[in-house]
Amino acid sequence: EPTIRGFMPDLSVFQDMDKAAERIAEAVVNQEKVTIFGDHDVDGATSAALLIRLLRDLGLQAGHYIPDRLMEGYGPSGEALVKLGQQGSDLVVTVDCGAMAFEALDMANKSGVEVIVVDHHKCAAELPKAWALVNPNRLDESDAGAEHGHLAAVGMAFLLGAALIRNLRGKAFFQDRPEPKLLELLDIVALGTVADVAQLRGLNRAFVAQGLKVLSGRQNIGLAALIDASRLKRAPICSDLGFALGPRINAGGRVGKSDLGVRLLTTQDPEEAQKIAAELDHLNEERRAIESHVLEEAEAMCATQQNQAVAVLSAKGWHPGVIGIVASRIKEKLDRPAIIIAEDETGIGKGSGRSITGVDLGAAIIAAKDSGLLLAGGGHAMAAGITIETARIGAFSEFLNERLATLVGKSQAGRALLLDAVLSPKGVNPVTVEAMNGAGPYGMGWPAPRIATGPVRIIKCDIVGKDHVRMIVAGDDGGSIKTIAFRAAESDLGQALLSAPRGRKLWIAGRAKIDDWGSRPSAEIHLEDAAWAD
């Protein structure tokens, strides 16, 4: 039962936290013009929305700027920061970006624009020149601050919000006005944390556990509209943040208008919220179609990557807005890091990468940039982004394979399906699953228990949806279980199950879930592996 109070750190242990809070407090007191500059993904949108809503509660109407993914790329540009200053912004706060924006911040400094950076991505030894740079992954961060390097940017924005309130409290700002209820913004924090695949340990677990409670109250009208647009008929659970709500907000930045997510999360107009949520739902369907096309072409190239530690795939015409999702799919297919690069007509490629446990892709990307192979690049252990001249893609691939081959080999050699429990078939039931769910929320860094059950015999096995293998099995104790193996139809596991004779006995392993689509809840297993019992 993780609580915010139980995991909340001393805010002053973070480098520049007090300095950033003091500067924003000054802007609040003096009613300065502040702009929140966010990234175009869910973490960026939620980070920006949190600060905008908090500042609004403090009496300051902050603006927002979300760069267009296709036209402006990732992170702050010098031109955008300078323009914001020319338009009257006294202070710009970048969220989920800026840790490696050396040129952009140099331009901002020379034009007199003050910038505070709130980020969580890997930092270089030298830092860009900002008024303050709050990032637990600074190389000069204190040990206590570095312990929170797994927080998403929205988590760091929440901590900055707490530091801001503390600072204003010390200035007696709340003598004649109520303090904002920062905990009421935990629904936004939970969404950004899960959607950014941050590890659910420590403070992050508390963010998500408490945020889900706030989310069930539907206080944020934008999130309430998005829940309805996602056709969820119950209070959202942790997986809904990553698979239902998050992708819809992401769709705005990937294939639509980059600021739709921020607008949805900050609007106070129910009619506007419904309109934006419907648009994001439509864009998400469009994103799925584009993603399917790019994934099909990328999978066709995988045969050329059999001997590579890191799969680097590139082509002209790929939509930059879906390459991160495709990289994740290819990583799962090959069980190794993957980078997908969309080439444009000018000889420049935008790439997105996803890694596997034990392989720090972000650090390798920064090393490649320092070696002169990339125009831009950064990220964290499990995900990274790059900008590269297409002529250098081959050399970049060789660099990664030489640097990461040993780590990838160790990660793959250590593969094992670790089990937390063995249940009888009849023991896989809603009561048992709900009991296990009590130790949630589960996600990256805190996975749901993996169970095995058997022996069971195959009653039915077929393909449903797009390449999902569904199977009904029954045990000798009378227990009957539905299982589903996602995107497994072409895999060795899927082919073995589909071709097995009905009645053959096997053991199965995976995560037990509640299936609430029927008239009454039942238990099912999201299948990860199987072994014949005879």
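Me: In this predicted model, which residues does D39 touch, not counting residues up to four places away in sequence?
Reply: D39 lies in the loop between β1 (34-38) and α3 (42-57). Leaving out residues up to four places away in sequence, D39 touches G44, A45, I66, Y74, V95, D96 and C97.

Me: Does D39 count as buried or exposed?
Reply: Buried means under 20% relative accessible area. The relative accessibility of D39 is 5%, so D39 counts as buried.

Me: Which residues are in contact with V34, leaving aside its neighbours within four places in sequence?
Reply: V34 is one of the residues with the most contacts inside the largest nonpolar core. Once its neighbours within four places in sequence are set aside, V34 is in contact with A27, L55, L60, A62, G63, L91 and V93.

Me: From which element does the largest share of the largest nonpolar core come?
Reply: The largest nonpolar core has 86 residues, and M17, I36 and L159 are among those with the most contacts inside it. The largest share of this core is 11 residues, and these come from α8.

Me: How many residues does the second, separate core have?
Reply: This core includes V428, M436, V473 and A500.

Me: How many residues apart in sequence are the parts that the pair of F158 and F207 ties together?
Reply: Both F158 and F207 are buried. F158 lies in helix α8 (residues 153-170), whereas F207 lies in helix α10 (residues 203-216). The pair therefore ties together parts whose separation in sequence is 49 residues.

Me: Over the face of which ring does R504 lie?
Reply: R23 lies over the face of W131, at 5.9 Å from the ring centre. For R504, the distance from the ring centre is 4.0 Å, and the ring belongs to W532.

Me: Where is G256, and with which residues is it in contact, leaving aside its neighbours within four places in sequence?
Reply: G256 lies in the loop between α12 (238-255) and α13 (260-266). At 27% relative accessibility, G256 counts as partly exposed. Leaving aside neighbours within four places in sequence, G256 is in contact with A251 and L283.

Me: What distance separates the C-alpha atoms of A278 and D228?
Reply: A278 has its place in helix α14 (residues 270-301), and with a relative accessible area of 44% A278 is partly exposed. A278 and D228 are 50 residues apart along the chain, and the separation of their C-alpha atoms is 9.2 Å.

Me: What radius of gyration does the chain have?
Reply: The chain has 19 helices and 16 strands, and 54% of its 534 residues count as buried. A compact globule with 534 residues would have a radius of gyration near 24 Å. The value for the chain agrees with this, at 24 Å.

Key:
Residues are numbered from 1 along each chain as its sequence is written. This is a predicted model: local features need pLDDT of at least 70, side-chain atom pairs count only at pLDDT 80 or more; totals for chains, interfaces and linings use all residues. Side-chain values use heavy atoms; hydrogens and water are left out. Helices (H or I, at least four residues) and strands (E, at least two) are DSSP runs, numbered from the N terminus. Buried means under 20% relative accessible area, exposed over 50%, partly exposed in between (1.4 Å probe, protein chains only). A charge sits over a ring if NZ of Lys or CZ of Arg is within 6 Å of the ring centre and within 35 degrees of the ring normal. The radius of gyration is taken over C-alpha atoms; the globule rule is 2.2 Å times the number of residues to the power 0.38. A nonpolar core is a set of buried Ala, Val, Leu, Ile, Met, Phe, Trp, Tyr and Cys residues joined through side-chain atoms within 4.5 Å. Contact means heavy atoms within 4.5 Å.
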